[in-house]
Amino acid sequence: MSVSELEKIVIKLASDIKEDRVLCRFENIRTRIDKYNRLVIQVIAHCSQYGKVVFNYSPQKAKMLVDALKNLNIQDVVVGRCYELKRVDVEKVRDDYTQPYPAWLPAKLIDCTYVE
């Protein structure tokens with residue numbers, strides 16, 4: 001396998017995204033247990049200019065995700081749909097915690113022709 005082929009399958013982290021908004025198609029949605037033994041939502045998406053990106057939603061961010069989807073009147077999260085995601089700063093839960101990574105929340109449902 002060539003390096004250029006490997007580059008096509010490299011998965012980036014949401015923290016790699018520098019813009020405030022990004023266009024993404026959800027490709028896989030699953031739950032997993034994180035290192036703190038919490039159930040988290042993990043979304044793997046194909047995003048314009050970035051390729052495959054992993055978005056992790058801790059319990060606090062998962063609630064924000066659900067609320068954002070409800071605000072868009074989306075009842076079912078379907079793999080293959082495309083969204084414009086916006087970066088939203090997350091409040092610290094406790095003062096002794098480090099500043100959490102921002103959450104990436106759906107701002108609107110978009111036509112998938114805009115996602116490369």
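Which residues form a nonpolar patch on the surface? In this predicted model, local features need pLDDT of at least 70 and side-chain atom pairs count only at pLDDT 80 or more, while totals for chains, interfaces and linings use all residues. Residues are numbered from 1 along each chain as its sequence is written, and side-chain values use heavy atoms, without hydrogens or water.

The patch consists of Ile29, Val77 and Val79, with about 210 Å² of accessible area together. Accessible areas come from the Shrake-Rupley method with a 1.4 Å probe; for residues, only the protein chains shown count as cover. Nonpolar side chains (Val, Leu, Ile, Met, Phe, Trp, Tyr) are joined within 5 Å, like charges within 9 Å. Val77 lies in the loop between helix 2 (59–71) and strand 5 (82–88). Helices (H or I, at least four residues) and strands (E, at least two) are DSSP runs, numbered from the N terminus.

The protein chain has two helices and six strands. Their order along the sequence is α-β-β-β-β-α-β-β. Of its 116 residues, 32% are buried (under 20% relative accessible area; exposed is over 50%, partly exposed in between; 1.4 Å probe, protein chains only).

Definitions and conventions
Patches are made of residues with over 30% relative accessible area and no salt bridge: like charges are joined within 9 Å, nonpolar side chains (Val, Leu, Ile, Met, Phe, Trp, Tyr) within 5 Å. A salt bridge is a side-chain nitrogen of Lys or Arg within 4 Å of a carboxyl oxygen of Asp or Glu.
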